[in-house]
Amino acid sequence: MTTDNTATTGADEPSTPFRFFDARVLRVRRLSPSLTRVTFGGPGLDGFRSGGNDQSFSLFLPPPGRAVPDVPGRDGDGWFHAWRAQDPADRAIMRSYTIRAQRAGAGGHPEVDVDFALHGDVGPASRWAANSAPDDRVLLLGPAVEDNKSVGFRPPPDTDWVLLAADETAIPAVGGILDRLPPDLPALLWLEVPHEDDRHALPPLPAHAHAHWSTHGGDPARRGGLTRAVADAELPDGRGYAWLAGEAGGVRALRRHLVHERGLDRRRITFSGYWRLGASEEQLRQEALGG
Ligand SMILES: Cc1cc2nc3c(=O)[nH]c(=O)nc-3n(C[C@H](O)[C@H](O)[C@H](O)COP(=O)(O)OP(=O)(O)OC[C@H]3O[C@@H](n4cnc5c(N)ncnc54)[C@H](O)[C@@H]3O)c2cc1C
C-alpha cells in the first residue's frame with residue numbers, strides 16, 4: 001500500500017514519486033479461469049512510470065452508486081487522513097495491485113495492464129474486475145518515477161539463483177519479474193493457483209527458469225502447499241535470493257522454512273503477504289494502524 005507522497009531530490013525528477021492518476025478502462029481480457037486482465041489508459045495516466053518487476057500501486061474504485069472515485073485533498077500530503085475520515089459508504093475503495101506491464105498507447109498516453117485474481121463476489125475489487133467494461137473510471141496512486149520503493153524484487157548483485165514463490169494474486173508480479181530477469185540467471189518457481197489452466201496467465205518461461213505448479217481448486221483448506229513443495233526440493237548451491245508473495249500465512253510459513261531449515265540469509269529474502277484468509281484489505285489496514 002502506498003500512502004505517502006515523499007519528496008525526492010533529483011534535479012530532473014518530479015517532486016513526488018507517487019501521485020494520483022485518473023484512468024479509464026480501455027480493454028478487459030480473460031487470461032485464464034481465475035485471472036482477468038484490465039488495461040487502463042487515457043491522458044490522465046500521463047507521467048505514470050512503472051519501475052517494472054513487482055511494481056505495486058493503490059487502486060481506488062468508486063463506492064457503490066458512484067461512477068467516478070474521488071479522494072479529497074488528493075494533490076496534497078493530507079489525503080490519507082481526509083480519505084479515512086470520510087463516511088465508508090461515500091469513500092473510494094482502496095486496494096493494492098501490481099502493474100503487470102506498461103507501454104505507450106493511443107496518442108502516446110501510457111497504458112498499463114493489471115491482472116486481477118477473481119475470488120468471487122466477496123471482495124469489492126474482485127467483484128469490480130469481474131464486471132469491468134471499457135470507459136469505467138478509476139484512480140491509481142502510483143509511481144511518477146521508475147526507481148521507487150514500491151518495487152520489492154531487488155536481488156543483490158552477487159545472486160547466483162533466484163527462487164520465486166507465489167499464489168494467483170502474485171502471478172502478475174512474477175510475470176513482471178520474469179520480463180526483466182537476466183536470461184542466464186537460474187530461476188526456480190513455485191506457483192500455486194486455483195486451476196490447472198491458470199498457468200496460461202504467465203507467458204512461456206525463459207530458458208533458465210523451471211516452474212513447479214500446484215492447484216488448490218479455490219478451497220482454502222487445500223492452500224499452503226508451497227512450503228511442502230519447496231521442502232521436498234533440492235536447492236542449488238551458491239548464493240540464492242528468494243521472493244515470496246501471496247496469502248500471508250503461506251508466505252510466513254515458507255519464509256520460516258527457508259531461514260530455519262535451509263539456512264537462507266534473511267536479508268536475501270523479500271516477502272510480502274498480499275492478502276490474508278478471512279480479512280479484507282480494510283481490516284488489515286486497520287490492524288496495521290493499530291485500530
Ligand atoms: C503489494 C500487493 C500487490 C498485489 N497485487 C495483486 C495483483 O496484481 N492481482 C491480484 O489479484 N491481487 C493482488 N494483490 C492482492 C489483493 O490486493 C487482495 O487479494 C485484495 O484483498 C483483493 O481485494 P478484494 O476487494 O477483492 O477483497 P477484500 O475485500 O480485501 O477481501 C474480502 C475477502 O476475500 C478474501 N480474499 C482476498 N483476496 C483473495 C483471493 N485472491 N482469494 C481468495 N480470497 C481472497 C479476504 O481474505 C476476505 O475474506 C496484491 C496485494 C498487495 C499487498
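**Burial, core, ligand shell and domains**

Reply: Ile 171, Pro 172, Ala 173, Val 174, Gly 175, Gly 176 and Ile 177 are the buried residues of helix α3, where buried means that 20 or more other C-beta atoms lie within 10 Å of the residue's own, exposed that 12 or fewer do, and partly exposed anything in between, with C-beta atoms placed from the backbone. This is a predicted model, in which local features need pLDDT of at least 70 and side-chain atom pairs count only at pLDDT 80 or more, while totals for chains, interfaces and linings use all residues. Residues are numbered from 1 along each chain as its sequence is written.

Me: What makes helix α3 mostly covered, and which elements do its buried residues pack against?

Reply: Seven of the ten residues of α3 (171-180) are buried, and the helix therefore counts as mostly covered; helices (H or I, at least four residues) and strands (E, at least two) are DSSP runs numbered from the N terminus. The buried residues pack against β2 (35-41), β4, β6, β8 (161-167), β9 and β11 (240-247).

Me: Why is Gly 240 called buried?

Reply: Gly 240 has 21 C-beta neighbours inside 10 Å, and therefore counts as buried. Gly 240 lies in strand β11 and touches Asp 160, Trp 161, Leu 163, Leu 235, Leu 264 and Arg 268, leaving aside residues up to four places away in sequence; a contact requires C-beta atoms, placed from the backbone, within 7 Å.

Me: Why does Ala 89 count as exposed?

Reply: Ala 89 counts as exposed because it has 8 C-beta neighbours inside 10 Å. Ala 89 is found in the loop between α1 (79-85) and β4, and its C-alpha atom is 9.5 Å from that of Gly 65, at a separation of 24 residues in sequence.

Me: What makes a set of residues a nonpolar core, and which members of the largest one touch the most others?

Reply: A nonpolar core is a set of buried Ala, Val, Leu, Ile, Met, Phe, Trp, Tyr and Cys residues joined through C-beta atoms within 7 Å. The largest such core has 63 residues, of which Phe 60, Leu 164, Ala 165, Ala 166, Ile 171 and Val 174 touch the most other members. Strand β9 (residues 187-193) gives the largest share of this core, six residues, and at least three residues come from each of domain 1 (18-148) and domain 2 (161-275). Ala 165 touches Trp 190, Leu 226, Val 230, Leu 244 and Leu 254, not counting residues up to four places away in sequence.

Me: How do you know which residues surround the ligand, and from which domains are they drawn?

Reply: A residue is near a molecule if its C-beta atom, placed from the backbone, lies within 6 Å of it. 25 residues surround the ligand, and the closest are Thr 98, Ala 117, His 119, Gly 123 and Ala 125. The largest share of this shell, four residues, comes from β4, and domain 1 and domain 2 each contribute at least three.

Me: Where do the domain bounds come from, and how many residues of each domain are in contact with the other?

Reply: The bounds of domain 1 (18-148) and domain 2 (161-275) come from an automatic or database domain assignment. The C-alpha centres of the two domains lie 25 Å apart, and 13 residues of domain 1 are in contact with 17 residues of domain 2.

Methods: Contact = placed C-beta atoms within 7 Å.
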